[in-house]
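Here's a quick tour of the structure shown below, taken one region at a time. Keep the 3D view open while you read.

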Amino acid sequence: MTQGTTGSPRARTTKPLRPSDLPIRVPLIHGETNASYLSRTAAANGLALPRLLKALHHGRLPGRGTVKVLPHLQEVHLSTDAVDRLTTLVERDQEQLQRALPGLHTAQLLNVPGAAIRITVWADDPGAGPLKACPLCLEDGAWLVAAGHRWRPCSCGRRWQCGDDGGYLIDTTPLPEIGRALQRHRAFDHKRGPAGDALVADAHQVTLWWWASKQFARDLWRHREDTLPVGPKLRRRQAAPAVVYPEAVRLAEAMDEWETRRIADPGASPREWLADIAERFGVPGLVDGRGNEPLNYWLELHPADPGHRPTGRTTAERRWSRLGALHHRPAEHGPFQARSCLRWTYGLPLTSTLELCPYCQGRAPSCYWSPQPDCPERLQST
């Protein structure tokens, strides 16, 4: 071999990438992170990820080319010109990529001239880190944008996706009641629309409160934890969001029944409803004990008179309009898309105040636990 007949390995690897260097097009996954898609594309074509990143970036890569991207911890942001380069390399329409990858939406692109990438670390805030994709339904190793959601059941009903602690999956196959709860959740959403999902989000917050306070279904939930692979790699705290899910869906249905009853009878007694919940769930002390604390918060945030007449053309729209002011319509349909009006943070002390809202000093229901962008006093001041 002579230098004149073949290039050195270094020379070969520094050649500009062409579409022919990426013959394998990995399937697009809706909601995937940029870092995950780029990592899968590079791996499928036998390329080092920094080489693909260099093809999307003009000039020296961040970290002098030695950057190592970890999709479960980091995201890759692209400029408009970098997206153009990517579409050429993978031979896909830009609209295709933007529909699948939220990080390529126009508002998420880097506002810089030329082709550029930037690598950032996902924040530690709950719901900030990506969710690990289910390998049964999608591709193993893929990561999904959480968009504020800390967890959700996979559509197959056999895995629970969590973004906490660097992201992890729970194999819920040993607990078919979790899969059945997902089907019940979907049926409830079909019946009530986004309002059904919002009530499940509320009920899930309540059941997690009960789990943390150890006042409800301890034996049942402990049995489920023991059935799941709880141990050195999965702690009980991490399993709890999936463990309480069946009871959360049942409680959401009971919440909907209460609100329907109250529409017909505005004078209906909340105490009688709490007694009914206590009987259904086998918690005799719920009415007067500490276990009713999250339900009392929920009743306060779902007043008998929401202050406006129901609006909307469909039953689902009118049902949504009856929810309290702290519920905001989700951008997408599906389980755990809506946010709860109970803003306490699972994993922290039940009644801890993380930070006082500078606008209402924690007085507004939106800000009991931490400042929120929908604080009414904040909205009035802007």
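Strand β5 (residues 151-153) runs antiparallel to β6, and 3 bridges join the two. Strands here are DSSP runs of E with at least two residues, helices are runs of H or I with at least four, and both are numbered from the N terminus. Two strands pair if DSSP finds at least two bridges between them. Look at Trp151 and you'll find that its bridge partner in β6 is Cys162. The two strands form a hairpin with 5 residues between them, and Gly157 in that turn has a positive phi of about 75°. This is a predicted model, where local features need pLDDT of at least 70 and side-chain atom pairs count only at pLDDT 80 or more, while totals for chains, interfaces and linings use all residues. Residues are numbered from 1 along each chain as its sequence is written, and side-chain values use heavy atoms, with hydrogens and water left out.

On to the next pairing: β6 and strand β7 (residues 168-171) are antiparallel too, with 4 bridges joining them. Cys162 turns up again, standing opposite Tyr168 in β7. These strands also make a hairpin with 5 residues between them, and in its turn Asp165 has a positive phi of about 55°. As for β6 itself (residues 159-162), both faces are covered: Arg159 and Gln161 are buried on one side, Trp160 and Cys162 on the other. Buried means under 20% relative accessible area, exposed means over 50%, and partly exposed is in between (1.4 Å probe, protein chains only).

The largest pocket has a volume of about 860 Å³. A pocket is an open set of points on a 1 Å grid over the protein atoms alone, where a 1.4 Å probe fits and protein lies on both sides within 12 Å along at least five of seven lines; lining residues have an atom within 4 Å of a point. The volume is the space filled by probe spheres set on the points, which are joined across faces, edges and corners. Of the 29 lining residues, Pro126, Gly148, Arg150, Arg339 and Trp344 lie nearest the centre. Helix α7 (residues 194-213) gives the most to this lining, with 3 residues.

The second largest pocket comes in at about 700 Å³. It has 27 lining residues, and His30, Gly31, Arg152, Glu332 and Gln337 lie nearest its centre. The elements giving two or more residues to this lining are β5 and α6 (176-192).

## Helix α4

Which residues of α4 (residues 80-90) are buried? They are Ala82, Val83, Leu86, Thr87, Leu89 and Val90. These residues lie on the same side of α4 because they cover an arc of only 165° around the axis, going by the directions from the helix axis to the C-beta atoms. They pack against α2 (34-44), α3 (49-55), β1 (74-78) and α5 (94-100), where contact means heavy atoms within 4.5 Å. Just after the helix, Glu91 takes a positive phi of about 55°.

## Two alanines with positive phi

Most residues other than glycine have a negative phi. Ala147, however, has a phi near 50°; look for this alanine in the loop between β4 (143-144) and β5. Ala147 counts as exposed, at 60% relative accessibility.

Ala217 also has a positive phi, near 50°, and is found in the loop between α7 and α8 (218-227). Its relative accessibility is 25%, so Ala217 counts as partly exposed.
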